[in-house]
Amino acid sequence: MSGSTKTDGRVERGNQTRRLVLGRTMDIASVEGLEGLSLGRIATELKLSKSGVFALFGSKEELQLATVRAAAAVFARQVVTPLAELPPGPGRVWALCRNWLAYSAGRVFAGGCFFYAVSAEFDARTGPVHDAVARARTDWVAYVEQTIEEARQAGGLVEDVDAPQLAFEIIALMESANAQSVLLGDDTAAYARAERGIVRRLRAEATDGARDGIGAPAV
């Protein structure tokens, strides 16, 4: 029992250190990019032993990959999980957009949307980190398209709605707001413009009687 308790204590301390490190690396990467990460830097900033950080992650690349995975989990909690109880329809699509805008505007990550920042950094590269970032992006786009398609199947969007095209336009509006806000320090105007654009697009594709759930203020 004593040995098990000691082992459990070490595991929990390791988990706490891992959470501490990843909390910091996500913020750094959202501002400086994933290339701004290093085991030595994190150890120095958090006053940890470099050997201890190395034991947890092993290499810079693994630290980068772990940071991407951690950011994906945070993103899911902030943007996707709150939709769990909402029925399919235009209101659910709008709620998804509203959550994303709030996630970006609220600076869940110091540099705005984590994945917008690291996608620009790794878009023309190759390797495991590029693949992880690309996979996160693909999963997100697919989820938006699926949410739109489910709204169509529920009768809330017109039958001939082009789900990939609508998803592309919605994501472009959200990411444009993120980029302008981060670059110019604009706290509200860019997000308000994105909201209006998204609301217009969703209402244009909504069926009669299905528009009421679209347009509640997002930020």
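Analyst: A pocket is an open set of points on a 1 Å grid over the protein atoms alone, where a 1.4 Å probe fits, with protein on both sides within 12 Å along at least five of seven lines. Its volume is the space filled by probe spheres set on the points, which are joined across faces, edges and corners. Here the largest pocket holds about 380 Å³ of space. The model is predicted: local features need pLDDT of at least 70, side-chain atom pairs need 80 or more, and totals for chains, interfaces and linings use all residues. Numbering runs from 1 along each chain as its sequence is written, and side-chain values use heavy atoms, without hydrogens and water.

User: Which residues line the largest pocket closest to its centre?

Analyst: A72, F115, A136, R137 and D139, out of 19 lining residues. Lining residues have an atom within 4 Å of a point. Helices α4 (60–80), α7 (128–153) and α8 (163–184) each give two or more residues. Helices are DSSP runs (H or I, at least four residues), numbered from the N terminus.

User: How is that lining split by class?

Analyst: It has 14 nonpolar, five charged and no polar residues. Asp, Glu, Lys and Arg count as charged.

User: Why is T67 called buried?

Analyst: Buried means under 20% relative accessible area. T67 has 0%, so the label holds. T67 is found in helix α4. Contact means heavy atoms within 4.5 Å. Leaving aside residues up to four places away in sequence, T67 touches L22, T25, M26, A29, L34, L37 and F114.

User: What makes F75 and F115 an edge-to-face pair?

Analyst: Rings of Phe, Tyr and Trp (its six-membered ring) pair if their centres lie within 6.5 Å; planes under 30 degrees apart are stacked, over 60 edge-to-face, the rest tilted. F75 and F115 sit 6.1 Å apart, centre to centre, with 85° between the planes. F75 is in α4 and F115 in α6 (residues 114–122), so the pair ties together parts 40 residues apart in sequence. F75, at 9% relative accessibility, counts as buried. F115 does too, at 13%.

User: Why is the pair of F109 and F114 called tilted?

Analyst: Their planes are 50° apart and their centres 5.5 Å. F109 is buried at 3%, and F114 is buried at 0%.

User: Which residues do ring pairs link into a cluster?

Analyst: F75, W100, Y103, F109, F114, F115 and W140. The structure holds seven aromatic pairs.

Terms used:
Buried < 20%, exposed > 50% of the residue type's maximum accessible area, 1.4 Å probe, protein only.
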